[in-house]
Amino acid sequence: MAKQKKFITCDGNYAASYMSYMFSEVACIYPITPSSTMAEYVDEWAAFGKKNMFGRPIRLAEMQSEGGAAGAVHGALQSGALATTYTASQGLLLMIPNMYKIAGEMLPTVFHVSARTVAAHALSIFGDHSDIYAARQTGFAMIASGSVQEEMDLAGVAHLATLKSRIPFLAFFDGFRTSHEIQKVEALQMEDMIPLVDQEALQEFRNRALNPENPVTRGTAQNPDIFFQAKESINKFYDAVPDIVAGYMKEITKLTGREYHPFNYYGDPEAENIIIAMGSVTDTIKETIDYLRAQGKKVGMIAVHLFRPFSAEYFMQALPKTVKRLAVLDRAKEPGSAGEPLLLDVKSQFYRKENAPLIVGGRYGLGSKDTTPSQILSVYENLEMNEPKNDFTIGIVDDVTFKSLPPKEEIDISPKGTYQAKFYGLGSDGTVGANKNSIKIIGDATDKYCQGYFQYDSKKSGGFTCSHLRFGDKPIRSTYLVNTPDFVACHVSAYINLYDVLKGLKKGGSFLLNSIWDEEETKNRLPDHMKKYLAENEINFYIINGTKLGEDIGLGTRTNTIMQSAFFKITGVIPYEMAVDEMKKAIVKSYGNKGEKVVNMNFAAVEAGGKNVHKVEVPAEWKNIEVKESNGTSDRPEYIVKVVDVINGQKGDSLPVSTFAGAEDGTFPLGTAAYEKRGIAVHVPEWQAENCIQCNQCSYVCPHAAIRPFLLTEEEVDAAPEGTETRVATPSKMFNGMHFRIQVSVLDCTGCGNCVEVCPSKVKSLVMKSLDSQQAEIKRWDYMVNEVSLKEKVVDKTKSVKNSQFAQPLFEFSGACAGCGETPYVKLITQLYGERMMIANATGCSSIYGGSAPSTPYCKHKDSGHGPAWANSLFEDNAEYGFGFSEGVTSQRNRIEDIMRTALNNGVSDAEKEAFQLWIDNKNDG
Ligand code: SF4
Ligand code: SF4
């Protein structure tokens, strides 16, 4: 009887660590996004004593850097232990020196890499192949996977092949797209892997270990006489790798029924036009091929699995004899090269060959740019042209060097019966967690295949999230965002005015809105374009006040379980009763140790979601609404309207290359965060003037500079919006009759409550009120910051906490988490020294909230126009980078001093003499 397959619902990182755990004895780690969870899983399993195939838990060491992790792996391998690590991007680049050594010393290991962009003009935590390309010269063999299932299968091949070949392997898959995509996959079993291990090779590896009982010297220094020959002696081991890999792929195919080769061909056996690519895009290409073949097109694709060593023999075996034209897709850009790496590899296979096909190369998907079937269609169309474009790009509009292929309308080519859903949420509101749970429920409790992918903006929390879910009876190969959903849920009422949440929703689809208003008010608040879309597309429109239900139940702002339950109730993707049972089981698992009260609250949320979701009749006349285009007039700067607002509205993909003309080096202007006005707080503080003791502590602790004290003259009080309350500023002697007011920017406040908590007045001078009730404060805030003059010189701002807060913060409205304990200090430094600051910011939390395009919280001083000049280099070098600033500035100052001294010696006017001397005397006084 055939062995029962075991399915699990997991992401690519889980699949990689699951396999690596079986084969490894030591893991040396240093976390870097998006690879971090691989190491975290291994850490957790080791802590719980999970056993590898040698009957022991892995020994895990967290090192001080990726360089350290690679060094430790190197050492562990030399001592005869099977060691591994997990990394990405710059982390991989920091491992390169040790990778050369490990490969040169023929030590078997697998480095698991969730491929990520290497920072250049900007940092990107997202995926492309620039990191693995940078490591391709190290001597590591490289094996590519395009999906979570392939990662599970091919990670095993890498571990088996490294032992047999003695060549170290880098097993890679696409950062985020595969590392964080959740799929239902078959889990390979350890008892099936053990018989595949080459025990002799393993024993030989252990025998070669450094050992004082059998001592040798390794890693010698060699002179010109022998280094070269010794290096060439390794050739035969690389020659053997393709056969070894192909052999193990056959074994995995036997076990799983999934066919693997160093190069897998997919498509028409007599195809004339084919694409060559590796990574997650290969699944999207397969879908597109099926679509085109159904129309009679003879197209195909070669998916590269064994990238290094690149085997001409296996490549030619995979290539149909009929092929006339090839498009090679690279997920990276090598500026100034004759072509990207995969293109050059493929071209070299045909050098001096008769009847060689026409070969063109293109770039796609940099920094996780979504690659859709319509983009792949344009690649095939390009191949059909008389003269196909070479060196092309897809997925962007290049209106500067005109390399992009023409964009096409998105099409839905997912298999019939695939259900697609999109959920708009707020970072930390639990939407993503609930959706992960829904996938697990559907994946584990039914025969359905499922996929989940989660999109975030750069805010640390409280930012935009969009979950993309697919369910179906066939394996899901759509490795791109959901563009034509059957169901859309919007978990944040305010989003209806910020984003086009209905975009692509299918005719007859369903829309669920978490609405803080009743039915009538909801209808009033919907923008016209939404009303028209709902009516024209016969959308089933549902509302639920999850926010109020959550508060009533005692869950605060956590609306996730309520919305999850409503989703199951509306869509019926699985029977609702089954969904309720499974949700409750998951609640017990997650919160069981937090006590009965917490469990019951969440049970109540499940019930409330199903019971309170309510269908709204869409008036037929909404079809006739004339949607007025914005007249384009705005008092916002052009850059904000044309660039920042577009990116913040989740439409940044539409910006052409010319947007960055003049800012090719990655420069962004200061102060753009002030235009966001996100309005994400449910409750914001209201100032109770009569209780206030004017200590300014509320302003001091606010992480977002969203509450500030203002000093006003009589005239400024008179000109203030009606109803603006002020108090006489105290001590009155010091402030000479001026008025004091605490003003909240309610649209920038995140509702963290820090200000309320710290307020020391006998009766609190700040009380949290609903955002809706504080709309009048928007005008007041604008008046205070734009019309009231700065009074920071009235006091010595360096003397006390109170005084410092009258100074303008030159760091405001950052995307840091609500309640952040770090940003108040950053803000304070800018209040004290911001006009003369240069910041060398290490990569991490503070660089994300400090400089995530297009949001720049550092800003200019209202009067001087000066402000912090900010830049980020790398994770590990901010001290050196800042030291470089200091050396550079000192050298400029010295040069200026030399020029001045020469001028002084040559004779200058008295005024110049005085000015030059003054400058020289104070040149280091920043
Ligand atoms: S609630 Fe938090 S973000 Fe809002 S003003 Fe107070 S401290 Fe600032
Ligand atoms: S912390 Fe309270 S008392 Fe102090 S200034 Fe702010 S509102 Fe007034």
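Buried means under 20% relative accessible area. Keep that cut-off in hand for this tour of a predicted model.

**Stop 1**

Select Cys 450. Its relative accessible area is 0%, so Cys 450 is buried. Now look for a partner. The nearest cysteine sulfur belongs to Cys 10, and it lies 10 Å away. Move on to Cys 755. This residue has 8% relative accessibility and therefore also counts as buried.

**Stop 2**

The model holds 46 salt bridges. Start with Glu 340 and Arg 363. Their side chains meet with an N to O distance of 3.3 Å. Glu 340 sits in the loop between strand E13 (325-330) and helix H13 (341-349). Arg 363 belongs to strand E14 (residues 358-363).

**Stop 3: a salt bridge inside one helix**

Select helix H16 (residues 519-525). Show the side chains of Glu 519 and Lys 523. They form a salt bridge, with the closest N and O atoms 3.8 Å apart. Why are they separated by about one helical turn? Because Glu 519 and Lys 523 are 4 residues apart in this helix. Check the cover on each end. Glu 519 is partly exposed, at 24% relative accessible area. Lys 523 is buried, at 15%.

**Stop 4: a salt bridge between two helices**

Go to Lys 584 and Glu 607. Their salt bridge has its closest N and O atoms 2.5 Å apart. Lys 584 lies in helix H20 (residues 576-591) and Glu 607 in helix H21 (residues 596-612), so the pair ties together parts that are 23 residues apart in sequence. Glu 607 is partly exposed, with a relative accessible area of 36%.

Next, select Lys 5, Asp 153, Glu 186 and Arg 258 together. Salt bridges that share partners join these four into one network.

**Stop 5: a negative patch**

Switch to a surface view. Select Glu 40, Asp 43, Glu 44 and Glu 62. These residues form a negative surface patch. Which element gives the largest share? Helix H2 (residues 36-47) does, with 3 residues. Glu 62 is placed in strand E3 (residues 59-62).

**Stop 6: a nonpolar patch**

Select Ile 396, Val 400 and Val 657. Together they make a nonpolar patch of about 190 Å². Zoom in on Val 400. This residue is in the loop between strand E15 (392-393) and strand E16 (419-426). Val 400 is partly exposed, with a relative accessible area of 44%.

**Stop 7: across the model**

Finish with Glu 200, in helix H8 (residues 199-207). At 58% relative accessibility, Glu 200 counts as exposed. The line spans 65 Å in space. In sequence, Glu 200 and Ala 674 are 474 residues apart.

Technical notes
Residues are numbered from 1 along each chain as its sequence is written. Chains are lettered from A and ligands numbered from 1 in the order in which they are written. This is a predicted model: local features need pLDDT of at least 70, side-chain atom pairs count only at pLDDT 80 or more; totals for chains, interfaces and linings use all residues. Side-chain values use heavy atoms; hydrogens and water are left out. Patches are made of residues with over 30% relative accessible area and no salt bridge: like charges are joined within 9 Å, nonpolar side chains (Val, Leu, Ile, Met, Phe, Trp, Tyr) within 5 Å. Accessible areas come from the Shrake-Rupley method with a 1.4 Å probe; for residues, only the protein chains shown count as cover. Buried means under 20% relative accessible area, exposed over 50%, partly exposed in between (1.4 Å probe, protein chains only). Lys and Arg count as positive and Asp and Glu as negative; His and the chain ends are not counted. The place of a charge is taken as NZ of Lys, CZ of Arg, CG of Asp or CD of Glu. A disulfide is a pair of cysteine sulfur atoms within 2.5 Å.
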